[in-house]
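This report describes a metal site and a nonpolar core. The sequence and structure are shown first.

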Amino acid sequence: MDLETLKIDLKGLQEGLTTFEFDLDDAYFKAIEAPEVSQGSVHVSLRIVRTGDDFFTLDFSETGTVMVPCDVCLDPMEQSVETCQRLEAKFGNEYSEEDDLVTVAENEGILDVTWFVYEFIVLAIPVRHVHAPGKCNPAMIRMLEEHSAARSGEEGEAAVDSRWAALLKLKE
Ligand SMILES: [Zn+2]
């Protein structure tokens, strides 16, 4: 997709409702160098309401799937996401963000939502995400079990941490 389309020309919007549709694809996640997500396919529906006093309410509704590393075996896994988020925007002297209110420099009038749509996806990913039972990378599971057997008896927090460090190293 063309990232330029995610730069919304607020100044050019009519009063009332305007709707935008975007399809975030692998190229999008690659272009923004998304730290948590390697690939994905997410549909974004954006409804913007502009009032007469130049106040904007933006409702984002996002649904789709993203590839994220499994918590257990670190292989990519497909995670479905579904989220609705609201932003509000107004014009001012320069760009700033405060909670969910964005101030857009009035002389430009452009709100770039490239990162907002990504942040909303990340917020929608469950804290714990693992493959369906039996779908984890068997080689990683075997190594995990061997490490854990070798370390039984010193199963403190530090032992777990060093085990993960070892696994991450193997993964590289
Ligand atoms: Zn897994």
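His131 is buried, with a relative accessible area of 16%, where buried means under 20%, exposed over 50% and partly exposed in between (1.4 Å probe, protein chains only). The model is predicted: local features need pLDDT of at least 70, side-chain atom pairs count only at pLDDT 80 or more, and totals for chains, interfaces and linings use all residues. Residues are numbered from 1 along each chain as its sequence is written, and side-chain values use heavy atoms, without hydrogens and water.

**Zinc site**

Cys73 is likewise buried, at a relative accessible area of 0%. The two residues belong to these donors of the zinc ion, which lie 2.0 to 2.4 Å from it; donors are N, O and S atoms within 2.8 Å of the metal (3.2 Å for Na, K and Ca), and sites may look incomplete because water is not among the atoms.

| Donor residue | Donor atom |
|---|---|
| Cys70 | SG |
| Cys73 | SG |
| His131 | ND1 |
| Cys136 | SG |

The spacing of the donor residues in sequence is C-x2-C-x57-H-x4-C. Cys73, in the loop between E4 and E5, and His131, in the loop between H2 and H3, are 58 residues apart and link distant parts of the chain.

**Nonpolar core**

The largest nonpolar core has 42 residues, and Phe29 and Val66 are among those with the most contacts inside it. Such a core is a set of buried Ala, Val, Leu, Ile, Met, Phe, Trp, Tyr and Cys residues joined through side-chain atoms within 4.5 Å. Domain 1 (3–124) and domain 2 (138–171) both contribute residues, so this core lies between them; the bounds come from an automatic or database domain assignment.

Notes:
Helix = DSSP H or I, 4+ residues; strand = E, 2+ residues; numbered from the N terminus.
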